[in-house]
Amino acid sequence: MKQSGKKIGLYILLSAGLLGLDQWVKAWVYQNLRGQAPMAWIPNVFELTYVENTGAAFGMLAGKSWLFYVVTPLSLLLMGYILYRASRKKEDWPVRLSCLLIIAGALGNLIDRLARGFVVDMFYFKLINFAVFNVADAYIVIGVIVMAAMILFRPEVGERLFPEKKRKDGEQDHA
């Protein structure tokens, strides 16, 4: 039981650190770049800019903020469940890290929506004209990619995380 409490404390500390970095970057951009020209880090390749995003990652679903007030708590519950399930095996650390990244990213963008009514985005790859995004978006995308890779390429991980989906010997898919 004591070990479990240490794990939870570590998870909270790591998520808080990730969330803190996201919020610090957004606050700096809000204070220093709002109403200013973009700051070129690598001319014609990468810029730091200020964008008010009312949608999801990369500007998708703009103006549908209400949707995120529903989806975010549900995704946080799902990540909490997966984090709990992945806490049993040492080799599931990539899944735990994925959950922490997704939780920090979801909370970071939710804080922005609640505090400002929009999410502050700032990173722009001008060379490829990629959508402007933020630290929280990067956390979510990296977390989802790592988790998907673990579930797809290591089937035993998916079976541990979602044991109710595990087929019994001889059971066939009738779809």
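Predicted model: local features only at pLDDT ≥ 70, side-chain atom pairs only at ≥ 80, totals over all residues.
Residues are numbered from 1 along each chain as its sequence is written, and side-chain values use heavy atoms, with hydrogens and water left out.

**Fold and surface**

- The protein chain has five helices and three strands, where helices (H or I, at least four residues) and strands (E, at least two) are DSSP runs numbered from the N terminus.
- Along the sequence, these elements follow the pattern α-β-β-α-α-β-α-α.
- Of the 175 residues in the protein chain, 37% are buried; buried means under 20% relative accessible area, exposed means over 50%, and partly exposed lies in between (1.4 Å probe, protein chains only).
- Among contacts in the protein chain between residues at least 6 apart in sequence, 65% join residues at least 24 apart, a contact being heavy atoms within 4.5 Å.
- The protein chain exposes about 10,800 Å², and carbon and sulfur atoms supply 67% of this area; accessible areas come from the Shrake-Rupley method with a 1.4 Å probe, and for residues only the protein chains shown count as cover.

**Aromatic rings**

- The structure holds seven aromatic pairs, where rings of Phe, Tyr and Trp (its six-membered ring) pair if their centres lie within 6.5 Å, and planes under 30 degrees apart count as stacked, over 60 as edge-to-face and the rest as tilted.
- One of these pairs joins tryptophan 41 and phenylalanine 46, and it is tilted because the ring centres are 5.4 Å apart and the planes stand at 50 degrees; phenylalanine 46 counts as buried, at 9% relative accessibility.
- The rings of phenylalanine 130 and phenylalanine 133 form an edge-to-face pair, because their planes stand at 75 degrees with the centres 6.1 Å apart.
- Phenylalanine 130 is partly exposed, with a relative accessible area of 34%, whereas phenylalanine 133 is buried, with 12%.
- Ring pairs link Trp41, Phe46, Phe123, Phe125, Phe130 and Phe133 into a cluster.
- Arginine 34 lies over the face of tyrosine 30, at 3.9 Å from the ring centre, and arginine 116 also lies over the face of tyrosine 30, at 4.4 Å from the ring centre; a charge sits over a ring if NZ of Lys or CZ of Arg is within 6 Å of the ring centre and within 35 degrees of the ring normal.

**Salt bridges**

- A search of the whole structure finds five salt bridges, each being a side-chain nitrogen of Lys or Arg within 4 Å of a carboxyl oxygen of Asp or Glu.
- Lysine 26 forms a salt bridge with aspartate 22, with the closest N and O atoms 3.1 Å apart; both residues lie in helix α1 (residues 2-33), four residues apart, about one turn of the helix, and both are buried.
- Lysine 126 and glutamate 47 meet in a salt bridge at 3.4 Å, N to O, and the pair links distant parts of the chain, with lysine 126 in the loop between β3 (119-125) and α4 (135-153) and glutamate 47 in strand β2 (residues 46-53), 79 residues apart.
- Aspartate 112 forms a salt bridge with arginine 116, with the closest N and O atoms 3.2 Å apart; aspartate 112 is buried, with a relative accessible area of 1%, while arginine 116 is partly exposed, at 27%.
- Salt bridges that share partners join Asp22, Lys26, Asp112 and Arg116 into one network.
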